[in-house]
Amino acid sequence: MRVLLDHDPFADSASYSFEGSRWRGQWIGHPDHRGQEAVVLAFRRRWDCPSARRLRLHVSADERYELYLDGQRIGRGSERGDPWNWFFESYDLELPVGPHTLVARVWWLGGGAPYAQYSFHPALLLVAQGEGGDVLNTGAAGWEVKAVGGYTFLSPQAMGGFFAVGAKQDLDGRGYPWGVEKGEGDGWVAAQAIARAHSRSQMGESVDRWLLRPAVLPPMLEESVHVGLVRHVSAPQSPEALPTVQAGDHRPNEAGAWQRLLSGQGSVTVAPHSCRRVILDLENYYCAYPDLVLSGGCGAAVRIFWAEALFEQPKGWDKGQRDELEGKYFRGMGDTFRADGGRNRAFTTLWWSAGRYIEILVTTGDEALTLDRFTIRETHYPWRFEGDFQASRPALASVTPIALRTLEMCSHETYMDCPYYEQLMYVGDTRLEVLTSYLRSRDDRLPRKALLLFDQSRGPDGLTHSRYPTRVRQIIPPFSLWWIAMVHDYARWRDDGDLVQQLMPGVRAVVEAYLPQVAADGLLHAPGGWNFMDWAPGWKGGIPPLGPQRTSAILSWQLVLVLTQAAELEDRAGETELAQRLRRRASVLAAATDAAFWVEERGLYADDSSRATFSEHAQCLAMLSGLVPPGRKERMAQSLFAAADLTRATIYFLHYLFEVCRLTGRVDVLLQRLDLWTGLPGRGLKTTIESPEPTRSDCHAWGAHPVFHFGATILGVRPDGWGFGKVRIQPQLGSLAWAHGAVPHPKGMITVSARREPQGCQINVELPPDLHGELVWAGQNHPIGPGPREFHLGPA
């Protein structure tokens, strides 16, 4: 029923500019709820359909909605955006003759909303197209509204730790108006018009909010799954102070019934005046809505908390072996449901939770409570991953499932850094997520949205937000540079010149924000903000060493690298003069950086002007820039891979080290550093972690980048020029005996197989129709075209 539009149905460029952007409906709200406190509202429209007809509905809300037709949920939204990109969803309905009821459940959390959620006022917008559709338009038709009782919202901070994911709910069934999704019950009042609705594309004059554009993503996956294992059942004395998990407290005679509940094959009844604690191991990482059906037990509470792992101590990040529960603390967050005594009461949450473990805590009063059903509805972006990678080193086989699961869990209506703690789209994280997406999917809708939203986030100084969308502003200047690198990546991996051209003013704005920070000494002086580069040991806040003048080889070489990428983008845009200017500025900065930080006796660049510390980061960015003095690359590579005292890159920045491994032909080093990933399953991890142990987040998508390097570095599949119009395949096996796999291309699949032979290497490649390129081996280029080819080549 959801449809994706490639146009704005209410943008009329021929109209008077102030009128052309206006919709035929208005935003509506509750007359008594104007955004002072969190609220859940239900909007209802009843009408008779005199004949069978087809209507197209366009729906949006602040903050979010679920839409029901005659009691059945048909959609949810609004897709996450910002005030200038407020998305609406579109639905095609086939309506038979007779009475119908539309209900929209809308919730507004205000200050308790996720950091990633903009909000202004609890409101709904619905406009219909088609015969007789005017009777449904909000602000014109007879919509009614009521506050939905039973909800209390709790800050996740009160549950311990920093969370940016928004308030969790306590839903009391005794106050909830059961049947509201069908439009039943009393207390409905006339909805109140709040504001006109405006399309972003043809805005002439409007308030700076709710500027509408069609949703750009498909509906998120929602799939009910019966998964997991009951690991612990106990009867704590009090729900207020839960002890560590102890085998001696486990009730194995009750575990079977809970397992049958979990499997969808039975129910569990908890006696009056009882408390039960059940810990479920989902045996993988999930983002999901819990679905719980209760009967009886008036006043009983079922608390459902989620955790990525159990903790060794009441505070801190030590989790140890993730499969183990014994003697550990369950420190989680989640939601509570309270029974009203009715039968078959279905409870769920307004937003999903994330983790591997679930703790169910049941507390009953004077009545027994029956849990008739418990399941979870998995949700994430509906990726269809393609491609493959296999190699002679068996341990590498465990990396891809973990990395792709992480990418799934961090892909929703935006990319996310992590699903448990923040649910925010950071530029540095997203660049690596997008590159990984290119290697496993031809779907580029989420990458496109990320590029556009970051562009929209730029402030008056030209820099992007470090994370976006978000109502809590944060600036990480190096991430603004990585956004330019994202544009450069997109221009090479996708043939979408219009979007690249659209982003060029933003690219120039970021460059112009940075160039004034290059002082008279020729060096970049660290811009204001959080100059995060990596969670490297000894770097407070992830900021590399800065000398007394706030100069850094790492920050300077990053700017040199990105200036060269921006120059290439200007060449692509036909702006030769701008490209020349950027190359000139990059060369001057490179020369000044070389003079200030090169330490000849080490064959390395120092981190700052004290020349006391050295890092992998400085060497990587210098080499990737392509502007180190001639003949120095080989010596730098030798020092980089041999020096034992360098600050080492961690999970995130290892992507850039792996790029240098490719550049220098040292894939053997890449394979050694992959031990960090191949060791994850042995520690019980199902996804990639944020930083070296003890880590905060057990699911952090910047750690998915080995999947990119399997295809783009070991198999060597990369674009040869703009738009992936040609392919360059340069396999590098390192210490592997063989590797083979497939990489998706917009025209089809590219397959590569490389196997060492006594006198060299056998390489098989197959390109899809209409794709040409070259195979590179031992410095020799071999033309390749559509179809299969086999090569027997000499030593590399």
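**Terms applied to a predicted model**

Q: Which residue in β32 stands opposite Arg 756?
A: Cys 761 in β32 stands opposite Arg 756. Helices (H or I, at least four residues) and strands (E, at least two) are DSSP runs, numbered from the N terminus. The model is predicted, with local features needing pLDDT of at least 70 and side-chain atom pairs pLDDT 80 or more, while totals for chains, interfaces and linings use all residues. Residues are numbered from 1 along each chain as its sequence is written, and side-chain values use heavy atoms, without hydrogens and water.

Q: What makes β31 and β32 a pair of strands?
A: Pairing requires that DSSP finds at least two bridges between two strands. Strand β31 (residues 748–757) and strand β32 (residues 760–767) are joined by seven bridges, so they pair by this rule. They run antiparallel.

Q: Why are β25 and β35 called edge strands?
A: The open sheet has five strands in the order β25-β30-β31-β32-β35, with antiparallel pairing. Each of β25 (388–391) and β35 (787–793) pairs on one side only. Neighbouring strands of the sheet are turned by 10 degrees against each other on average, direction ignored.

Q: Which helix packs on the sheet, and what is the angle with β30?
A: Helix α3 (residues 427–440) touches β25 and β30 (738–745), and its direction makes about 95 degrees with that of β30. Touching, or contact, means heavy atoms within 4.5 Å. The axes are lines fitted to C-alpha atoms, for helices over the stretch in contact, and angles run from 0 to 180 degrees between N-to-C directions.

Q: Why is Cys 275 called buried?
A: Buried means under 20% relative accessible area, exposed over 50%, and partly exposed in between (1.4 Å probe, protein chains only). Cys 275 has 9% relative accessibility, so it counts as buried. Cys 287, at 0%, is buried too.

Q: What makes the pair of Phe 658 and Trp 677 tilted?
A: Rings of Phe, Tyr and Trp (its six-membered ring) pair if their centres lie within 6.5 Å; planes under 30 degrees apart are stacked, over 60 edge-to-face, and the rest tilted. A search of the whole structure finds 36 aromatic pairs. Phe 658 and Trp 677 are 6.1 Å apart centre to centre, with 50 degrees between the planes, and are therefore tilted. Phe 658 lies in helix α11 (residues 654–664) and Trp 677 in helix α13 (residues 675–678), 19 residues apart. Phe 658, at 0%, is buried, as is Trp 677, at 2%.

Q: What makes a set of residues a nonpolar core, and which members touch the most others in the largest one?
A: Such a core is a set of buried Ala, Val, Leu, Ile, Met, Phe, Trp, Tyr and Cys residues joined through side-chain atoms within 4.5 Å. The largest has 156 residues, of which Trp 482, Trp 483 and Ile 729 touch the most other members. Helix α7 (residues 553–572) gives the most to this core, with twelve residues. Apart from it lies another core, of 69 residues, including Leu 171 and Tyr 357.
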